[in-house]
Structure formats: structure tokens, C-alpha cells
Amino acid sequence: MAMRKPAQPTTSRSRAWRWFHRFGSPAYFYFFAGRWAPRFGHLAVAFFLAGLYFGLVVAPPDYQMGDSYRIIFIHVPSAWMSMFIYVVMAVSAGIGLVWRIKLSHAVARSCAPVGAAFTFCALVTGALWGKPTWGTYWIWDARLTSELVLLFLYVGYMALLAALDDWKTGSRAGAVLALVGLVNIPIIHYSVEWWNTLHQGATITKLGRPSIDIRMLVPLLIMFAAVNFYFLAAMLNRVRCELLDQERRTRWVQEVVNG
Amino acid sequence: MHSSPLPQAVRKTGFSGPARLEGREIECIRGHACLFSNLEFALESGTALQILGANGTGKTSLIRIITGLTEADQGTISWNQVNIRDPGAAYAGHFSYLGHRNGLNDALTPRENLHYLGKLEASEPWLGIGDSLEQFEIGNCLNIPCARLSAGQQQRVALARVYRSPARLWVLDEPATALDAPAIGILAEIMTRHLLAGGLIVYTSHQAIDLGPVTARWLQL
Amino acid sequence: MVRTSASARKPSPWTVFRVSVTRDLAVAWRHLHEGTHPLLFFILTVSLFPLAAGPDPVFLRQLAPGILWIAALLSTLLVLDSLFRTEYEDGTLEQILTSAHPVVLIVLAKVAAHWILSALPLVAVSVFLGMMLNLPAHAYPAMVLSLLVGTPAMSLIGAIGAGLTVGLRRRGLLLALIVMPLYVPILIFGAHAVQSSIVQANWVSPLLLLGAILVLSLTLAPFALVAALKTSLH
């Protein structure tokens, strides 16, 4: 017979508990991220300062490019992070899509603006570096072109999320798009390289030299660590906001908000 | 019951074997509002379930959860003890769904629409297109583009599609929309016949649909 | 008048595919005037280029592959929005997604019909536009073949975008924004097949790469498309 169980006024406790058992609870992750985001933030600042000091002061000037090469300490880590974050975003969104995990969707959504910022940073530093190297801010270099298309992919993802009001629908739609983008990125990368060699003959490769001075390598590695820590800190903070918004009906959010 | 003589297009044989549709601990959240939670229902062959509730209580959401178009935030719907979301459930072939949007293309005639939609069924419909339209007394509309039919006529075409369907479970969201009194009588009649043949029906309706001798249950949202 | 299920047979996948395609073609036939829009758009866009860039035949010949491919891309993009629009609004999409047959097959049929209607005429007309752009005779096979292989890939990938945005009331240019970056490889290989054939270089390799993209989209895109549609109808 059709009937209805008495509705539970507080769905939070039992629901949060089930979430915890099934996927790792948003509440737990919220507090976990709250502990770790500042730590990663501090580490990022420390590594940035150290990396910049070693990169701008200690490292010797390049015998060809003089001091202008020093922008690689920003450019190369940014370019690396732009790709890396896209992969993290797409994989996380894919996990959320398949196993219906809210936390994964929150991570994916939080990755996008950070990744887009790194992509933009890589483009700007690449253009700035282009002026002394090529004599112009923009040439259709394979790497820069790939970064530009990647920025378009990030922008498309964020535009789609912004257009879909419903969080869950938006997250799933974004996940499909991110996964399609993930399959496409290697193809885009390869096609752009192919197109580039076709038109430019010998391309100027920025990191083409077989060996790099240890005094240049060390600050570069420090900067790599710095951008990774920054990404973790920024992403975790964003995830906390997403979780607060999405779990606003639950008791733990009420407790957080009301002290 | 509708009393005027109808063309007797009825199934020669009913559905065989038991069938059971069951919902357990269904919860539906829209935006930040919880429409319903811990909802339980079950129905067996030969029974109908009417979902009742005021506007905005989630009748359509529940209907869509039963069709699998929308996923419940919690809980499961099972058809013959198999969760409809299981990869091997093959649930889609067992129900026919009529939503607010009737599924008819404006540019096509009822014949073309029903031909196409019939091919989407698990097996060939048991009743011819013309006969099913006769059943709803719109046999003369067979070759008129749907855009030129009235809302009531279109709804009759959409119901004819459900009636032809070989599916055992009918999921009808406001099937009496735009229908006049005689048409509601026909609808009640075909629903009763479907139930007597061993079918199952889940429906919402603001108009009363008299299912005569058949067990009708209701679910208040 | 008693009719019973004389044949309770299941329609074969091929029947379902064929019926879906013919149904979409019939719908398009009833709206023939709308069906000509992408074609007219294609012709107009191509005709505008010489007006902006100058009528110098040598210069136009150089630009021809780019012009033709960009115009083809834009016309494909323009009609993408209508791919699932009517079906979403009249409820056919709900019937498709609750069908007993593999949904992938039915949506693939929709994309196939869409391609026949929106892209195939472009390929035919491109021959005449090639003449207007002073394309050398030996470049026509490359142009026709590259469009023939590239446009279905564009339809397949674009359909995913159409599926993701079909539920939105105010879409604007969102569909173009999310789909265009994904078209980059197709554009590169397609335009360069034509370009290479103009200078009588090897144009088969880019064409083969284009073919590889088509095969990849044919295998993966329908599944992404079904996921997209299910999300939009949620």
C-alpha cells in the first residue's frame, strides 16, 4: 500500500553520516581543508620568496638572452600548472560524474578559475618574454597557441557552469565538457605543433638547450613547488566555499555559520 | 465508466506473470529545498497509483524519478526487484511515459509521429496506428500535421501512443490535460482495460478519472 | 476490429537507425526554407571575404582554404543549436532517452541526419565557391574530401555542446564558446589539406589525420552526447 514514512525533520545527521561512509563526508573535508589550506598557503609564500631570490639574484644571466630569460621562473611553472590543473579538474569531474560524488564536483569546479589564472599568467609572461626574444609580443608559437586554446577551454567550462543555475546539473554538464576537453587536449597540442612546424620551419625552442645550469635549475624547481602549494591552498579554499554553499541545509553548516 | 460504444480494440491476451514497481526511501531535492524524503510506495500488476499533491509538491519530479529521467537524491526505484539504475535492468522496455510535453513533432502527422515513436518501443506495438486513433475518436486526424490539431486532439494522439505501446507500466503525468469530458471517459476506459489485463499505472491528475472496479491507490505528497 | 500483437518482434537496431534518420529528414522537408539557411550563410560568408580582403586572384587563392574552412565551421556552428531544440521542447527527447533501444544509436541517427541536412549541401556548393576564390583545379579533390571527412567530426563534437546547452533558456553564444576550441584540430588539418594540395604538396597525410579524428569522434562522441543529454533533461 502506498504510504509515507514520517519525514525526518533533520536530515543532516543521518545523511552526513551516510556520506561519510560512502564518499568521505563534506563536513569532514571542510574541516580538513580548513586546516591544510593555510599551511599550503604559507609554504607557497615561503617557496615563492626563495624561488624569486634564487632566480632573480643568485642565478647567473643567460649567455644569449641576458637577464630576460629569468621570466621562465614564472612562465614555465605557470604553463605546467595550466595543463596539470586541467587534468586534475577533468579527472575529478569524471569521478564525480561516474560515482556521483559531490566532493569531486566541488574540487573540479574549484580547479577551473585557478587553472585559468595560471594559463593567463603563462600567456602574459610568454608574450612579455617574446618582446626581447622575437622582437614582438605575439608570434604564433606552438606553445603559446596551445596555451591560448587551453584558455578558451577553461573559459568555456566556466561559462557553462555559470549558465547552469542548478549546481548538480551544472557540475555534471561541466564534467562531460571537461572530459571531452581532456581527450581533445593532446590532439590540439599535436595538431598545433604540426601546424607550427609546417609554417615556421625551424622554431625557436625556449628550453631547447640540452643542459641547464644547476643555479638556474634549483630556483626553477623551487618555483614548481611554490605554484603547486599555491594551487592546493587556493583550490582547497574554493572547495570550502562550494561545500558551505551546497550543504547549507545541513546541521554542520548551520553550526559553522552560527558559531 | 464510459458507456458509449467504443471500437473494441483490446488485447487478446493479458500480461502474464507478476510485476511489481517499488520505491524505497525516495528523496528529491530541488535547488536548496527538499521536496520529499523517505517516500515509500509499491504497486503490483493490475493496480494503479495516483500521486496527489498541491502544485509544487514534486508530483512531476516523482514521475520523472520513476521513469529514470531524473535521479533521486536518495533511495531506489525497483522494477521486479531490480534497481532500475542497474546496468542490466532493461527497465526502459517495460514502461511507456507521457509527460507534460507530449512527444509529438508539430510538422509530422499523427501517423508519422506514432510510427516513429512506435519504433522506439521494445517490440512492435500491439495495435495499429489507425485503430489506436479510432479508439480516441480522432481517426480522421491521421494525416493532418500535428500543428493543425487542437491541444485536446494532440493529447488524444499522445494517449493513443501509450495505448499502442507493448509496455506493461504506464507512467502518465496529467493525462487528462486539455481533454473534454467524453475523452476523459475514454481515457478512464482504456486505463481500466490496461489494469484488468494485468498492467500497472502511475499517474497524476487534477481531473477525476473513474477507474471503476479496479484497485486505485494514492500517494499524498 | 480486434487486433492483437501478431508480431511481438523487436525492431532491429538498423531499423531504428533508419526510421530515426527518415523521420528527421521528413521533418526537415516540411521546414525546407529553414534548411537552406546554413547553406545561404555559407555562401554569404565566403562572398564577403573578397570584399574585405580585396579581389586579387593570387591573394584569394592563398586565402581560399582558410576562408572555406572558417565559413564551413561557422555555418555548422550556427545550426547546431537547432539539433535538439525542437525535440527538447516537444518532449521527443524524453521519449528517446526512455527508449528500449540503445540511446547511443538513436542520437547517432539524429547527428547523421543533421549532418546530411546541414553539411552535405555545403560540400556540394563549396565547388562553386572554390571557383569564386580562384582555387586551382587540382585542389578540388582535397577540398571536397577534407570537408566530407571534417564536417561529420564537427557535427559529432558540436552535438555534445548542443546537448549540454539544450536545457538553457538563454544560451546566446555559449554553445559556440564551448565548442569552438574543440574544433581547432579539425580546422588545422582540414584547411591544410587544401593548402597543401594548392602548392601540390602531400595533402593525404592531413586528410588521414582528419580521418583519424573522425573515427575517434565517431566512437567516443555519441557516449559523451548521451551523458550530456541525460544531464540536460535531469
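**Entry 1**

Is A:Arg100 buried, partly exposed or exposed? I looked this up first, keeping in mind that the model is predicted. A:Arg100 turns out to be partly exposed, with a relative accessible area of 33%. I then checked what its side chain meets, and found a salt bridge with B:Glu71, at 2.8 Å from N to O. This pair crosses between chains: A:Arg100 sits in the loop between α3 (72-99) and α4 (102-134) of chain A, and B:Glu71 in the loop between α1 (59-67) and β4 (74-79) of chain B.

**Entry 1: a bridge between chains C and B**

Next I turned to C:Arg30 and B:Glu112, whose side chains meet in a salt bridge of 2.7 Å, N to O. This pair also crosses between chains, from helix α1 of chain C to helix α2 of chain B. I noted C:Arg30 as partly exposed, at a relative accessible area of 37%. B:Glu112 is partly exposed as well, at 24% relative accessibility.

**Entry 2: helix α2 of chain B**

How many of the 10 residues of helix α2 of chain B are buried? I found seven, so this helix, residues 110-119, is largely enclosed by the rest of the structure. The buried ones are B:Pro110, B:Asn113, B:Leu114, B:Tyr116, B:Leu117, B:Gly118 and B:Lys119. I asked what they pack against, and the answer involves two chains: α3 (129-135) and α4 (151-164) of chain B, together with α1 (13-30), α6 (92-97) and α7 (103-118) of chain C.

B:Lys119 is buried at a relative accessible area of 12%, and B:Glu124 is buried at 15%.

**Entry 3: salt bridges elsewhere**

I finished with how chain B is divided: domain 1 covers 19-86 + 168-221, and domain 2 covers 105-164. Their centres, taken over C-alpha atoms, are 23 Å apart. The contact takes 13 residues from domain 1 of chain B and 10 residues from domain 2 of chain B.

How much area is buried between domain 1 and domain 2 of chain B? I noted about 1000 Å², with carbon and sulfur atoms giving 68%. In domain 1 of chain B, the residues that lose the most area to domain 2 are B:Trp170, B:Ile186 and B:Ile190, together 41% of what that side buries.

I checked polar links as well. Across this interface the rule finds one salt bridge and three residue pairs in polar contact. On the domain 1 side of chain B, β7 (169-173) and α5 (181-196) each supply at least two residues that touch domain 2. The largest share of that side, five residues, comes from α5(B). By class, I wrote down nine nonpolar, one polar and three charged residues for that side of domain 1.

Terms used
Residues numbered from 1 in each chain as written. Chains lettered and ligands numbered in written order. Predicted model: local features only at pLDDT ≥ 70, side-chain atom pairs only at ≥ 80, totals over all residues. Heavy atoms only, no water. Buried < 20%, exposed > 50% of the residue type's maximum accessible area, 1.4 Å probe, protein only. Helix = DSSP H or I, 4+ residues; strand = E, 2+ residues; numbered from the N terminus. Contact = heavy atoms within 4.5 Å. Salt bridge = Lys/Arg side-chain N within 4 Å of Asp/Glu carboxyl O. Domains from an automatic or database assignment. Buried area = accessible area lost by both parts, 1.4 Å probe. Polar contact = N/O pair within 3.5 Å; in protein donor to acceptor, adjacent residues only side chain to side chain. Nonpolar A, V, L, I, M, F, W, Y, C, P; charged D, E, K, R; others polar.
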